[in-house]
Amino acid sequence: MVFETTIEGVRKSIGTLKKAGKKIGFVPTMGALHEGHLELIRLAREHSDAVVVSIFVNPEQFGPGEDFKTYPRTLEEDMEKCRNLNVDILFAPERSAMYSGERKFSIHIQELDKHMCGASRPGFFEGVVLVVNKLFNIIEPDSALFGQKDIQQYLILKRMAKEFNHRVELVMGPIVRANDGLALSSRNAYLSSKERRIAPGLYRSLRYIKKQIMDGVNEPHMLINHQKDELEAKGFKIDYLNIFSAKTLKPVNVLQVDEEYVIAGAVFLGETRLIDNIIIQY
Ligand code: AMP
């Protein structure tokens, strides 16, 4: 595995792979790698001949008061995991390599970040789009893999790649969960043992909503409010819990046959924000 920290270096290493005719699969991450990331790396291998992983805790996607400083950084362990999966190139740039000097440009997102996570984290997706845009220009991958856990991120980036004419195919990997159903996340490390025991309740609520909908509920407002109450009684603080159109990411009140929806929630346990979702075809 080649380890690169500079843009020049990673471009050179990728150039060598491309000259050998290899298709590049790219998995961008913020590190603290867990089985969810590793599954994306395995998927990248299926979609390409060579795999590039990036680790960069992107300051531009953290708001004031969020956990940029305390976000888990475990580079040694991450390197070992990448080596074990035969990752070809691990790119872990310093902040100064990605953001040098004052920025004169920013990317503004229309509509797609007004609901779901975008509503409670202003500027978050603009930070994500900025860094992924830069990473796509640096790596020039043939495919890029993202997790369904961050479904709004995937849908926004897919649109960004199309509008900005990036020559990359975006692929969404399934949500990887712990045995009790909790979606794996680097932030799960923040949970106390009591919070960790409660945490799978979010996925249970999403599954319950899915079952009720599949059993015929098509105006889910009451059902959702009831699940919010249940979650609050268990100790969660609700950021949002709702059903969104998979196309527009807007919340929906009445479900239509043959449409695709995302049942999604974001909750706090103490300071820790957890997100999860289920995609359904109605
Ligand atoms: P992050 O390091 O949190 O920015 O995540 C990097 C990539 O891993 C993103 O595409 C995430 O959607 C994906 N990811 C994070 N957690 C999971 C999970 N539990 N299952 C599948 N993919 C995940």
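Mentor: The axes of helix H9 (residues 201–214) and helix H10 (residues 221–234) come within 10 Å and cross at roughly 160°. This is a predicted model, in which local features need pLDDT of at least 70 and side-chain atom pairs count only at pLDDT 80 or more, while totals for chains, interfaces and linings use all residues. Residues are numbered from 1 along each chain as its sequence is written, and side-chain values use heavy atoms, with hydrogens and water left out.

Trainee: How are H9 and H10 oriented to each other, parallel or antiparallel?

Mentor: They are roughly antiparallel, a term for angles over 145 degrees; under 35 counts as roughly parallel, 65 to 115 as roughly perpendicular and the rest as oblique. Axes here are lines fitted to C-alpha atoms, for helices over the stretch in contact, and angles run from 0 to 180 degrees between N-to-C directions. Helices (H or I, at least four residues) and strands (E, at least two) are DSSP runs, numbered from the N terminus.

Trainee: Which residues of H9 and H10 make the contact?

Mentor: H9 contributes Gly201, Leu202, Ser205, Tyr208, Ile209, Gln212 and Ile213, and H10 contributes Leu223, Ile224, Gln227 and Leu231; contact means heavy atoms within 4.5 Å. By class there are 7 nonpolar, 4 polar and no charged residues. Ala, Val, Leu, Ile, Met, Phe, Trp, Tyr, Cys and Pro count as nonpolar, Asp, Glu, Lys and Arg as charged, and the others, Gly among them, as polar.

Trainee: What about H6 and H7, at what angle do they cross?

Mentor: The axes of H6 (residues 124–139) and H7 (residues 151–163) cross at roughly 50° and come within 10 Å. That angle makes H6 oblique to H7. In H6, Phe125, Val128, Val129, Val132, Asn133 and Phe136 meet Gln152, Gln153, Ile156, Leu157, Met160 and Ala161 of H7. This contact divides into 9 nonpolar, 3 polar and no charged residues.

Trainee: And H1 with H6, how do their axes cross?

Mentor: The axes of H1 (residues 7–19) and H6 come within 9 Å and cross at roughly 50°. Ile7, Val10, Arg11, Ile14 and Lys18 of H1 are in contact with Asn137, Ile138 and Ile139 of H6. Here the classes are 5 nonpolar, 1 polar and 2 charged.

Trainee: Changing topic, how many residues surround the ligand?

Mentor: There are 17, and the closest are Met30, Gly147, Asp150, Val176 and Leu184; a residue is counted if one of its heavy atoms lies within 4 Å.

Trainee: One last point: what is the phi of Glu140?

Mentor: Glu140 has a positive phi of about 45°, although it is not a glycine. Most residues other than glycine have a negative phi. Glu140 sits in the loop between H6 and strand S5 (143–147).
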